[in-house]
Amino acid sequence: MAFRRIETPSEANWLADERVQLGISDEVFGYSEYTRFSHIAGAFSEANDPGKRFYYIGKYEVTRGQLDAVLGGECKKPRTRAKLPAVEVSWFEAIEYSRRLTEWLYQEAPDALPREGGATAYLRLPTETEWEYAVRGGSEVSPADRRARLFPMESDLSSYAWFAGPGSCDNDVRLIGRLKANPLGLHDMLGNVEEMILEPYSMNRVGQPHGQVGAFFAKGGSCLTSRDQVRSSLRVEHNYFDARKKEAARLLMTGFRLVISAPATTDHSRITDLKRDWKALRQLRTAPENGDPVAALETLAQEMASPLLQRELKDIAAAFSSEITRRNEVEARSARTSITTGALLVRTYRDNVNLVKRQQRFLKARELQGDPEEELAAFRGALDRAKLKREVTQQIYLGLLVQSADDFSPDQLTSQLAAITPGIERLGGEKLTRMAALFVQQVTAYQIEGGEDTQTIMDALLVADL
């Protein structure tokens with residue numbers, strides 16, 4: 001069984017995570033799939049670094065052969081049909097499968113499972129956030145692509161997903177891994193068989209989960225899903241039980257894939273780190289010079305003789321704390337967006353400057369060659385347009401730099417640069433990463449020095465060794 005590592009970059013704090021958008025802004029599916037936000041952080045870390053988090057998800061759907069080997073009690077001789085996805089499996093059997101396989105690994109192959117801190121990993125069904133983050137492409141795609149209906153595809157949908165009709169799987173499940181993978185190297189997450197999720201279903205109350213908890217649900221669609229209905233947000237609720245058969249429900253086109261996960265509080269050392277990082281986040285809620293309204297309300301609540309007033313003040317303090325945390329998340333996302341945009345503008349400005357130089361050399365050569373005036377006029381027009389692009393990019397860059405200097409502290413920019421560096425590197429390589437660092441450096445210098453000559457700022461973009 002193969003698994004892929006899914007990166008979930010964040011700040012270097014064990015309580016930091018990445019805010020991700022789920023769902024789709026289509027009111028036809030609003031009660032179930034309307035756009036909402038969740039948060040994700042992988043269960044594992046690289047070298048115990050909380051800023052480099054990840055989890056593992058199955059590269060393929062669990063197959064019939066794999067199911068038989070664990071729940072059937074024997075490993076049958078390999079055959080082609082064993083590579084079909086396992087279907088007609090109840091949600092409870094999927095849970096039992098993950099339990100038995102984990103226990104077998106603990107007994108027979110303990111080194112096959114990774115460790116985090118003092119804890120050994122285990123297998124389970126994915127949460128909806130883990131599943132949808134992975135199907136959309138995770139950190140391998142841009143935030144805009146991650147919010148699209150489908151992950152970025154280089155060719156037609158039929159190259160990536162099995163769906164209903166004779167042009168695809170013709171309503172019958174197909175062997176795993178025969179179509180192209182998504183940007184994270186995962187196969188068949190859309191179509192073929194829909195995949196069960198760990199937590200129970202809840203409806204959507206205009207952008208937030210509804211309070212009623214339902215039955216289990218599955219994601220991604222199947223060979224019974226029409227082409228125009230295939231989407232990353234697709235979620236369908238199913239009853240845990242079949243009242244007609246008087247047993248757990250087993251559906252024709254429903255299967256599952258597993259994730260590898262670990263406890264959050266892995267050992268005493270991690271709990272100590274969590275307590276430390278909780279205090280650090282709490283202290284960031286407000287600027288010290290403005291005082292902390294949450295702490296003031298909590299202190300006032302302790303002084304109240306009335307238990308009713310104490311509870312009400314504590315509720316108000318909790319609401320304040322939640323809103324301040326939300327505000328800090330917004331500021332962090334804005335800082336990350338500004339840094340990424342700044343890096344892209346550095347690259348664009350350098351490209352536009354080089355374009356102007358090429359146009360100037362070309363025009364000069366044509367003038368020396370004695371080209372007709374009407375042709376020279378066309379070349380001069382091209383040069384003017386190149387200069388305009390350069391000037392517009394310069395003004396946008398300077399505006400972003402000044403705005404970032406006003407909105408974010410040097411510590412905020414430095415921490416957010418570290419958090420998004422892996423994503424920027426995947427987007428544009430080490431060169432774009434250096435451009436992001438240069439933007440942060442220039443913003444910080446602008447703050448410290450109280451402003452620089454704009455030409456000096458732009459000249460520095462050209463002489464920097466990138």
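**View 1. Helices α9 and α10 are roughly perpendicular to each other, a term that covers angles of 65 to 115 degrees.** In this predicted model, local features need pLDDT of at least 70 and side-chain atom pairs count only at pLDDT 80 or more, while totals for chains, interfaces and linings use all residues. Residues are numbered from 1 along each chain as its sequence is written, and side-chain values use heavy atoms, with hydrogens and water left out. The axes of α9 (residues 373-407) and α10 (residues 410-449) come within 9 Å and cross at roughly 65°, where helices are DSSP runs of H or I with at least four residues, numbered from the N terminus. The crossing of the two helices, α9 and α10, is right-handed, that is, the near helix is turned clockwise from the far one by less than a right angle.

**View 2. Residues of α9 meet residues of α10.** On the α9 side are Tyr397, Leu400, Leu401, Val402, Ser404, Ala405 and Asp407, which meet Gln412, Phe439, Gln442, Val443, Tyr446 and Gln447 of α10, contact meaning heavy atoms within 4.5 Å. The residues of this contact divide into eight nonpolar, four polar and one charged, with Ala, Val, Leu, Ile, Met, Phe, Trp, Tyr, Cys and Pro counted as nonpolar, Asp, Glu, Lys and Arg as charged, and the others, Gly among them, as polar.

**View 3. Glutamine 442 is found in helix α10.** Glutamine 442 counts as buried because its relative accessibility is 8%, and buried means under 20% relative accessible area with a 1.4 Å probe and protein chains only. Leaving aside residues up to four places away in sequence, glutamine 442 touches Tyr397, Leu401, Ile457, Ala460 and Leu461.

Note on methods
Axes are lines fitted to C-alpha atoms, for helices over the stretch in contact, and angles run from 0 to 180 degrees between N-to-C directions. Angles under 35 degrees count as roughly parallel, over 145 as roughly antiparallel, 65 to 115 as roughly perpendicular and the rest as oblique. Buried means under 20% relative accessible area, exposed over 50%, partly exposed in between (1.4 Å probe, protein chains only).
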